[in-house]
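I opened my notebook for a first walk through this model. Come along, and I will jot down each thing I looked up.

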Amino acid sequence: MGRITNIALALAAWAGLGGAAAADEEAGFQAFLQQLRQQAAARGVSAQAIAAGFDGLTLSRRAIELDRAQPGGPINAPPPNFEPYRRSHVDAARIGRGRAIYQATRARLAAIERETGVPEGMMVAIWGHESNYGTYTGNFDLPSALASLAYEGRRRALFTDEFIAALKMIDRGVPRARLKGSWAGATGNPQFLPSVYLRLARDADGDGRADIWTSEADTLASIANYFADAGWRRGVPWGFAVGVPAGIDRAALANRTVAPRCPKVFERHSRWLTMREWRALGLAPVDRAWPADDVLATLIEPDGPGKTGYLTTGNYRVILDYNCSNFYALSVGLLADAVEK
């Protein structure tokens, strides 16, 4: 309770800044913007993009509040169950909308899958998870939010880079008014950060612009390009639900390595075994046939022993590259499967 109370008090104090304090804060932010302006010019942003991007910037206290309020949770607290999350993220409405998009765009999806190897349903599922198929992509002004988070200082290098990337989007032809998104800088149907947009957004409809805001073709191709760049292996499933024998020796299956990125996410997985080895241990797919014997997978039991487990392949790690959360990756995979049924 102490940590939560401290956060609440800090946010209340921040929100309750008096007029003089708020004016001082804004003055400090405007001085910081002069540094950002110099950095942007040094990194090759045009004078026109700088003028457009800096025009009217003010401190976004709301973005800073939301960043400071990100949940951490007690270090040793047990993780919550996956099932409530699955029900709310792989729900009938999201499946139904995804299937409608899938059926209406089969030709385009199939062409992208042939090119990248990324399954049609996976592209649709990411779109559904990130912005509910474009129904909500965020309404924060990206330059203001990113500059404010850089000014706040806890992750200054990250948000400075993303702010300058947003300016470079203007140089790429993205209208300044299009730079809207989440408080943390994600934008468009697939919720790309500006640096990701610059690197991986694609023009798939041939109009000369990578439009991840209003173009369905560009959205789907950009998502697939992200997955291909992250190492998606053609013809390998992301994973699947399995029944796990009650007497399985989980201690013998424990993962002994520590992941350099998102260690708490990966520590919930077993060590890698082939499908042949998992089958020999008595696991059984819930609703599909076994993949090839030599495909490697880890076991995760998000709701504990006795509940549904999942064997996850290297392609599951690609979903985690998009968002490093087991609940997110599992629900994206399950939505992708449901969309294609």
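Entry: I began with Cys324, which is buried, with a relative accessible area of 19%. I kept in mind that this is a predicted model. I then looked up its partner: Cys324 forms a disulfide with Cys262, and the sulfur atoms are 2.2 Å apart. Where do the two cysteines lie? I found Cys262 in the loop between strand S3 (239-243) and helix H13 (263-266), and Cys324 in the loop between helix H15 (314-322) and H16, so the pair ties together parts that are 62 residues apart in sequence. Cys262 is partly exposed, at a relative accessible area of 22%. When I searched the whole structure, one disulfide turned up.

**Entry: helix H6.** Next I checked the length of H6, residues 92-104. Which residues of H6 are buried? I noted Arg94, Ile95, Gly98, Ile101 and Tyr102. Looking down the axis, I saw these buried residues fall within an arc of 130 degrees, so they line one face of H6. On the face turned away from that buried side I found the exposed residues Ala92, Ala93, Gln103 and Ala104. The buried residues pack against helix H5 (82-89), helix H7 (106-116), helix H8 (120-131), helix H12 (216-229) and H16.

**Entry: the cores.** I turned to the largest nonpolar core, which has 85 residues. Met122, Phe163, Tyr197, Phe227, Trp238 and Ile319 touch the most other members. Helix H16 (residues 326-340) gives the most to this core, with 10 residues. Apart from it I found another core of 14 residues, including Val236, Met275, Ala297 and Leu311. I also listed the contacts of Tyr197 beyond four places in sequence: Met169, Arg172, Val174, Phe192, Ala210, Ile212 and Trp213.

**Entry: two loop residues.** Is Ser60 buried or exposed? Ser60 is buried, with a relative accessible area of 14%, although it sits in the loop between helix H3 (47-54) and helix H4 (61-68). Leaving out residues up to four places away in sequence, Ser60 touches Phe140, Ser144, Ala145 and Ser148.

Lys307 is also in a loop, between strand S6 (296-300) and strand S7 (309-312). Lys307 is exposed, with a relative accessible area of 53%. I noted that its C-alpha atom is 8.1 Å from that of Val244, 63 residues apart along the chain.

Note on methods. Residues numbered from 1 in each chain as written. Predicted model: local features only at pLDDT ≥ 70, side-chain atom pairs only at ≥ 80, totals over all residues. Heavy atoms only, no water. Core = buried A, V, L, I, M, F, W, Y, C linked by side-chain atoms within 4.5 Å. Buried < 20%, exposed > 50% of the residue type's maximum accessible area, 1.4 Å probe, protein only. Helix = DSSP H or I, 4+ residues; strand = E, 2+ residues; numbered from the N terminus. Contact = heavy atoms within 4.5 Å. Disulfide = S-S within 2.5 Å. Expected span 1.5 Å × (residues − 1). Arc of directions from axis to C-beta.
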